[in-house]
Amino acid sequence: MNTDPTSPAQPFEIFLVAAPGLEPVLCAEASDRGFTNPTMVKGGVTVTGGWPEVWRANLELRGATRVLARVASFRALHLAQLDKRARRVPWAEILRADVPVRVEASCKASRIYHAGAAAQRIERAIAEELGAPIVKAAPKKTGKPADRDAPEEDTRPLEIAVQIKARIDDDLCTISVDSSGESLHKRGHKEAVNKAPMRETLAALFLRQCGYDGREPVPVVDPMCGSGTFVIEAAEIAAGLKPGRSRSFAFEQLATFDPARWQSLRGNTTVTPPQVRFYGSDRDAGAITMSRANAERAGVGAWTDFAHHAISDLTPPEGPPGLVIVNPPYGARIGEGKSLIPLYHAMGQTLKTRFTGWRVGIVTNEAALAKATELPFQEGGVSVSNGGIRVTLYQTDPLS
């Protein structure tokens, strides 16, 4: 790995965190967005580039949970060696002395096995070599993330601090800077949410998995839209709006940040009004109010329609067939969703009888609920954790 991660002539590895199970979909998105050498790994995708690519990944990628800049890598067999080599990292070229730093470490199959002691050595190296104030990391949540330097999600409130993640795996220490800060599903538009909302990053990847990338002028319908996530994401994709356009990022607090270049990158957007509209409906009137407000904040209110009615009253909009995608209610545990079988059956009957030529994607946690729709789902299906519940995306070909 390069010794000067700030040099544009020395690209480094950038890790794009994905929800485990959706790595191939994020890899396809990174490839479409022109990132160099996208490669699937457990828990995400690696690409190569410099800091402008880090900024662009945060700004443009819809499916990444966060973006880690892997700025250093070295062998460390004991804590004294870790201390010595951590001091060789060019911290002053990466971090600012006036911005607090938080360090998290993890150890796996290594002679250094105490993550807290490892974090302390790196904290001391940063404090003594750079002079930056150190913020102590909160205790880790239980569970084993797919990539130990890249948890799938962390909902703890963040202090204003840059986070350093050190992963020691088989005696190899990889040091990364979390360039995102808050999770990238927080676009900055959705102030109102309903229960168990679909995260924007998951919604974007599910849309892509269903073949929707905004290039073809086809409508998208969500008949149980909740706070409008699928509908709003689809409209933004069709319009060419960048998902990170309305929020700030941790990389703005780094020594590598160039405000003028960032503003040029951020402002380089051509919005193309979609040729079709995007539709959401829900039997909860409050959900429709939330969806409309969220769509307006996202700047897609002119291209979205939200209606208050039950699934049995759903009819296809005028125009060509498109995609129906829905995240209906499901039980928190397998077997708890039996009471929902009539709802799923009614949804399936409505789609089969009225949506000929449309493709369908349904996200649920039980095969029995998907089966209750009596829709002709394809074999397999992408499975992923959503809010701690394992869910699967069931897809159909165009209905006949």
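User: In this predicted model, does D170 count as buried, partly exposed or exposed?

Analyst: D170 sits in the loop between β7 (162-169) and β8 (172-178). Buried means under 20% relative accessible area and exposed means over 50%, with partly exposed in between. D170 has 48% relative accessibility, so the residue counts as partly exposed.

User: What is the phi of D170?

Analyst: D170 is a residue other than glycine, yet its phi is positive. The value is near 55°.

User: Is A109 buried or exposed?

Analyst: A109 is not a glycine but has a positive phi of about 50°. The cut-off for exposed is over 50% relative accessible area. At 63% relative accessibility, A109 therefore counts as exposed.

User: Where is A109 found?

Analyst: The strand β5 covers 101-108 and the helix α5 covers 115-129. A109 lies in the loop between β5 and α5.

User: What is the volume of the largest cavity?

Analyst: The count of cavities of 30 Å³ or more comes to 4. For the largest cavity, the volume is about 70 Å³.

User: Which element supplies the largest share of the lining of the largest cavity?

Analyst: The lining includes T229, I232, E233 and E236, and also N294 and A298. At least two lining residues each come from α7 (229-239) and α9 (285-298). The largest share is 4 residues, and it comes from α7.

User: How many residues of that lining are charged?

Analyst: Among the lining residues are R187, K190 and E200; Asp, Glu, Lys and Arg count as charged. The lining of the largest cavity divides into 2 nonpolar and 4 polar residues, with the charged ones numbering 5.

Terms used
Residues numbered from 1 in each chain as written. Predicted model: local features only at pLDDT ≥ 70, side-chain atom pairs only at ≥ 80, totals over all residues. Heavy atoms only, no water. 1 Å grid on protein atoms, 1.4 Å probe; cavity = no way out; pocket = protein on both sides within 12 Å on 5 of 7 lines; lining within 4 Å. Points joined across faces, edges and corners; volume = space filled by probe spheres on them. Buried < 20%, exposed > 50% of the residue type's maximum accessible area, 1.4 Å probe, protein only.
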